[in-house]
Amino acid sequence: MSGGVEVNGEPESSDSMKTFGAFVQGLREHAGLSREEFGGRVHMSKHSVASIELGRRLADQGFVDAAEEVLGNTGALRKAFVRVARQPGFAVWFRKWAALEQEAVSLATYECRLVPGLLQSEPYARVVFSNRIPLLLDEQVEAQAVARMERQQMLRERPDTSFSFVMDEHIVRRRLGDDEVARAQLDHTLGYAQLRNVEVQIMPLDCRVHAGLDGPLALLETPDGRRLAYAEGQETGRLIADPKEAAVLHRRYATLRAQALSPLDSVGLLERIRGEL
């Protein structure tokens with residue numbers, strides 16, 4: 001999911017994000033805490049703390065509240081956070097989804113275009129960004145690839161969150177880039193598929209039924225049991241919070257999972273494709 005101008009939930013950095021991050025870093029260092037120590041207290045890895053402090057990741061309200069508690073409850077972070085803004089073009093409808101994603105107890109993605117961002121290897125991600133039209137500058141490609149790899153850390157950092165992926169077989173057979181990129185991507189996907197909280201399923205080419213013909217979608221469940229959805233097209237996207245509409249998409253995804261190969265058979269298929277390269 002790309003969310004318009006931004007890519008897969010990672011906003012382009014802005015001056016306000018960098019300023020807020022520097023403010024967090026200054027308060028943390030004044031409190032005598034390392035990134036690892038501070039991260040432990042706000043329930044975040046030191047890498048995620050670094051991403052916020054360097055302006056590469058937008059903090060959410062949960063982080064701000066936790067950080068205030070750790071850093072003395074002065075209210076300074078809350079006031080600063082109000083002024084934080086993403087670059088122009090980062091759509092409002094995706095901002096809320098990205099925040100919800102950070103708190104979700106389960107995340108599910110169906111893709112028919114390319115490997116989902118949370119499963120992309122760095123070489124594959126660079127090829128994806130290099131194919132953007134209009135073309136990105138080299139430094140923009142680099143920044144987007146780094147942001148995507150940082151976002152993927154949630155799969156390992158949140159073992160109590162379930163991640164489900166369904167993607168069409170033609171995606172993993174496509175030679176995007178070259179054979180080396182394809183091999184790296186298959187190895188990357190297989191590595192994540194070994195995690196207990198991650199399930200990868202492939203919709204086979206010869207499947208005669210397909211519940212995902214209306215396009216890609218992302219789903220999540222919040223800690224309080226709300227079920228939401230997000231759907232996008234070219235340069236547009238929509239957060240779906242209406243319970244009835246979201247329920248339809250959740251049922252559609254459940255049907256997709258039933259139609260796709262099982263996680264075990266999907267891993268077997270990926271391994272066979274990898275062996276053919």
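Contact is defined here as heavy atoms within 4.5 Å. Helices (H or I, at least four residues) and strands (E, at least two) are DSSP runs, numbered from the N terminus. The structure is a predicted model, in which local features need pLDDT of at least 70 and side-chain atom pairs count only at pLDDT 80 or more, while totals for chains, interfaces and linings use all residues. Residues are numbered from 1 along each chain as its sequence is written, and side-chain values use heavy atoms, with hydrogens and water left out.

Pro123, Tyr124 and Val127 of helix H7 meet Val181, Ala184 and Gln185 of helix H11. By class, this contact between H7 and H11 holds five nonpolar residues, one polar residue and no charged residues (Ala, Val, Leu, Ile, Met, Phe, Trp, Tyr, Cys and Pro count as nonpolar, Asp, Glu, Lys and Arg as charged, and the others, Gly among them, as polar). The axes of H7 (residues 122–130) and H11 (residues 179–193) come within 8 Å and cross at roughly 125 degrees. Axes are lines fitted to C-alpha atoms, for helices over the stretch in contact, and angles run from 0 to 180 degrees between N-to-C directions.

An open sheet of six strands has the order S3-S2-S1-S4-S5-S6, with mixed pairing; two strands pair if DSSP finds at least two bridges between them. Its edge strands, S3 (198–203) and S6 (236–240), each pair on one side only. Strands S1 (residues 106–111) and S2 (residues 162–168) run parallel and are joined by six bridges. Leu107 stands opposite Phe163 in S2. Helix H12 (residues 243–259) packs on the sheet, and its direction makes about 80 degrees with that of S5 (227–233).
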